Amino acid sequence: MTGPDTSIRAVDDEILTRLLAEWLPEQRWFAGKGLELTGVRIARRVVFLDEPEVLVEHLLVDLEVDGRPQRYQVPIATALELPGDRRAFPLTPEGASPVVYDGLRDPRGTESLLRHLGGQHEVGGLRFRLVAGATLPEPTWGRLLEGEQSNSSLVFGDDLMVKVFRLIQPGVNPDVELHAALADRECPSVAPLRGWVELDDDEGVDTGTGPTTLAMAQEFMAGAADGWAMATASVRDLFAEADLLAEEVGTDFADESFRLGAAVAQVHEDLAAATGVSTRDGTDLVASMRARLDSAVAEVPELAGYVDAARAVFDEVAGSGAVRVHRVHGDLHLGQTLRVPDRWIVIDFEGEPAAPLAERRVPDSPARDVAGILRSLDYAAQHTLVGVEDRQLRFRAREWRDRNVDAFCRGYAEVSDYDPRDTGALLRAYTLDKALYEVVYETRNRPGWVAVPMGAVERILTAG
């Protein structure tokens with residue numbers, strides 16, 4: 001005689017859809033913050049792990065956000081109780097049984113993911129792939145990093161990280177594509193790629209760019225320092241030392257900015273060699289910049305006084321003829337850099353996650369990445385001064401920014417043989433475009449901060 005069936009049953013689609021509609025907008029990686037969620041549909045649901053005490057499922061969920069489609073990857077776990085991690089982010093209300101929660105926070109599910117990756121298995125249509133010669137730790141539980149926003153990353157042991165992409169678009173993710181290309185060049189300024197997870201048949205959609213990437217595995221840089229954290233710590237120390245010049249402070253960042261510039265230039269050289277160099281007409285390059293300018297002015301009327309000067313910068317690039325382009329990072333800032341003991345590492349080659357994948361794969365000028373770092377250095381210098389009227393501190397912030405911009409560009413020139421500042425209107429156009437984007441972002445999300453990018457717009461357009 002057999003005992004009662006104690007296995008976990010899957011929650012039916014109708015109930016799960018309602019739970020997802022309430023849960024998804026609250027997640028930090030949800031890309032539709034502040035927008036109306038008007039539709040939720042479970043597009044794909046397969047069992048990833050089925051054990052007596054837990055059921056882990058892999059979901060692709062289609063949303064309609066403000067009238068536009070978005071697809072998310074949402075692993076979920078169903079069990080009689082939450083795991084030991086009390087931050088399991090349950091979908092079900094308190095006291096419910098069984099409980100449904102974030103599948104990336106279930107230890108058995110994460111261990112199973114590593115086991116499948118090591119065996120290069122195929123599970124429910126998911127294909128696990130390893131780079132030739134790559135090694136993985138023994139199957140163990142993965143811990144979820146808490147700081148990331150647009151994706152979710154699991155760390156296994158001390159040397160492997162698996163990034164699970166949340167917002168999914170059909171095709172090969174540039175993060176995998178460009179890491180693989182840089183690995184072929186043995187680029188020292190990226191973390192080695194170990195493998196990836198893909199879905200071959202995404203409802204029969206032929207993207208022309210290969211299977212849809214769901215996750216990537218790469219070497220984890222244990223103990224690495226975040227570039228943004230290092231830069232902002234340097235600024236704070238400078239503000240605390242009222243009698244010292246920037247170069248006299250023990251945590252002066254200029255030498256690191258120089259090394260970072262060299263690392264970014266090395267990445268650009270290897271990307272050019274690995275993916276090929278071509279040209280784009282300047283008019284094509286600034287078409288999207290002009291469109292963003294018009295949209296920004298419509299949303300932030302305070303920009304209207306800068307329109308003619310901004311158009312003149314874009315017109316200068318448009319009239320410059322052919323511009324050298326190749327694949328670039330596309331969303332580079334200090335938060336996308338890590339300092340390990342012997343070098344700088346550039347991470348997250350996904351590009352802007354909300355942009356169409358085809359757009360993210362278009363070759364662009366390396367000036368886009370340089371502009372991203374220059375704007376990030378400005379933010380690092382000024383972010384603590386929002387709302388502070390202290391002329392001395394503002395002077396020191398400008399001193400720090402200018403010193404580090406100079407160091408970064410000199411470091412870049414040491415590897416690339418040209419100073420990005422010598423590109424004139426091209427770098428100005430990309431830096432202005434980034435600052436206009438920031439004005440709109442801050443207006444929507446942090447109105448108190450808008451003075452930082454507005455000041456940059458004025459400075460860029462009044463520079464000699």
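## Packing of helices 6 and 11

In this predicted model, helix 6 (residues 282-299) packs against helix 11 (residues 425-445) at an angle of about 30°, and their axes lie 10 Å apart. Helices (H or I, at least four residues) are DSSP runs numbered from the N terminus; axes are lines fitted to C-alpha atoms over the stretch in contact, with angles from 0 to 180 degrees between N-to-C directions. The crossing of helix 6 with helix 11 is left-handed, that is, the near helix is turned anticlockwise from the far one by less than a right angle.

From helix 6, Leu285, Met289, Arg292, Leu293, Ala296 and Glu299 are in contact (heavy atoms within 4.5 Å) with Leu426, Ala429, Tyr430, Asp433, Leu436, Val440 and Arg444 of helix 11. By class, nine of these residues are nonpolar, none polar and four charged; Ala, Val, Leu, Ile, Met, Phe, Trp, Tyr, Cys and Pro count as nonpolar, Asp, Glu, Lys and Arg as charged, and the others, Gly among them, as polar.

## Overall architecture

The protein contains 12 helices and 16 strands, a strand being a DSSP run of E with at least two residues. Of contacts between residues at least 6 apart in sequence, 69% join residues at least 24 apart. The C-alpha trace spans about 90 × 50 × 45 Å along its principal axes.

Of the 464 residues, 51% are buried (under 20% relative accessible area, 1.4 Å probe, protein chains only).

## Basis of the values

Residues are numbered from 1 along each chain as its sequence is written, and side-chain values use heavy atoms, leaving out hydrogens and water. Local features need pLDDT of at least 70 and side-chain atom pairs count only at pLDDT 80 or more, whereas totals for chains, interfaces and linings use all residues.

Notes. Buried means under 20% relative accessible area, exposed over 50%, partly exposed in between (1.4 Å probe, protein chains only).
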